[in-house]
Amino acid sequence: MEVRVYTRKWPRAKTADVQPVICDPLYVGSLWRDASFAAAVRGALARDRPDVVQSHERIEGCDIFRAGDGVHRAWLEERRRTGGRGERVRIAANPYHRYLLDAEARMFASPSLKA
C-alpha cells in the first residue's frame with residue numbers, strides 16, 4: 001500500500017513508506033493561501049484517484065476530516081458571543097472567515113465525506 005501526503009513542503013529526508021505530493025501554488029495572504037492549496041490538492045486527487053483521502057484541512061472531496069482546529073463555525077459563534085461589538089464587526093468584515101465557512105459547508109455537504 002502506498003501512502004501519499006499532499007502538502008506544500010516536505011523535508012528533504014524522505015521516508016520509504018510516505019510519498020509526498022507537493023501542492024504549492026503561488027499565494028498572497030491567508031485566504032488565497034488556503035483556497036489555492038485546496039484547489040491544487042483537489043486537482044492532484046482527481047489525477048491520482050486515491051482509495052481513501054483523510055484530511056486535516058477543509059478540502060471538499062475527502063473521505064475523512066480530522067477537525068484538529070475544531071469547526072470554524074462553532075469557533076466564530078463563540079468569538080461573537082464573548083467579544084464586543086468591535087470583534088463582531090472585525091469578524092463580519094474579514095473575508096477569510098467567509099471562505100472558511102463556505103469551505104466547511106462544501107466539505108460537510110460532500111457525498112464523499114464519511115467521517
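**Ground rules**

The model is predicted, so local features need pLDDT of at least 70 and side-chain atom pairs count only at pLDDT 80 or more, while totals for chains, interfaces and linings use all residues. Residues are numbered from 1 along each chain as its sequence is written, and side-chain values use heavy atoms, with hydrogens and water left out.

**The overall build**

Let's start with the whole chain. The protein chain has 115 residues, and 31% of them count as buried. Here "buried" means under 20% relative accessible area, "exposed" means over 50%, and "partly exposed" is in between (1.4 Å probe, protein chains only). Along the principal axes, the C-alpha atoms fill a box of roughly 50 × 30 × 20 Å.

The chain holds four helices and four strands. Both are DSSP runs numbered from the N terminus: helices are H or I with at least four residues, strands are E with at least two. Reading from the N terminus, the order is β-β-α-β-β-α-α-α.

How confident is the predictor? Its score is pLDDT, given for each residue from 0 to 100. The mean for the protein chain is 92, and 99% of the residues reach 70 or more.

Next come contacts, meaning heavy atoms within 4.5 Å. Take the contacts with a separation of 6 or more: residues 24 or more positions apart account for 44% of them.

**The core**

Nonpolar side chains tend to be buried together in soluble globular proteins. A nonpolar core is a set of buried Ala, Val, Leu, Ile, Met, Phe, Trp, Tyr and Cys residues joined through side-chain atoms within 4.5 Å. Which residues have the most contacts inside the largest nonpolar core? They are Tyr 6, Cys 23, Val 41 and Tyr 99, in a core of 17 residues. The elements giving two or more residues to this core are α1 (30–48) and α4 (95–109).

Leaving aside neighbours within four places in sequence, Tyr 99 is in contact with Leu 31, Asp 34, Ala 35, Ala 38 and Arg 106.

**Two pockets**

Rolling a probe the size of a water molecule over the atoms shows where empty space is left. A pocket is found on a 1 Å grid over the protein atoms alone: it is an open set of points where a 1.4 Å probe fits, with protein on both sides within 12 Å along at least five of seven lines, and lining residues have an atom within 4 Å of a point. Grid points are joined across faces, edges and corners, and a volume is the space filled by probe spheres set on the points.

| Pocket | Volume | Lining residues |
|---|---|---|
| Largest pocket | about 620 Å³ | 19 residues |
| Second largest pocket | about 280 Å³ | 16 residues |

In the largest pocket, Arg 4, Tyr 6, Val 52, Val 53 and Gln 54 lie nearest the centre. β1 gives the most to this lining, with four residues. In the second largest pocket, the residues nearest the centre are Asp 34, Glu 57, Arg 58, Tyr 96 and Leu 100. Here α1, α2 (72–82) and α4 each supply at least two lining residues.

**A few residues to look up**

Asp 63 sits in the loop between β3 and β4 (64–65). Is Asp 63 buried or exposed? Asp 63 counts as buried because its relative accessibility is 12%. Not counting residues up to four places away in sequence, Asp 63 touches Asp 51, Val 52, Val 53, Ser 112, Leu 113, Lys 114 and Ala 115.

Asp 48 is in helix α1. With residues up to four places away left out, Asp 48 touches Arg 4, Tyr 6 and Val 21.

Arg 49 is found in the loop between α1 and β3. At 68% relative accessibility, Arg 49 counts as exposed. Phi of Arg 49 is near 50 degrees, a positive value in a residue other than glycine.

Finally, Asn 94 lies in the loop between α3 (85–93) and α4. Asn 94 is partly exposed, with a relative accessible area of 30%. Asn 94 and Leu 31 are 63 residues apart along the chain, yet their C-alpha atoms are separated by 9.8 Å.

Technical notes. pLDDT is the predictor's confidence in each residue, from 0 to 100.
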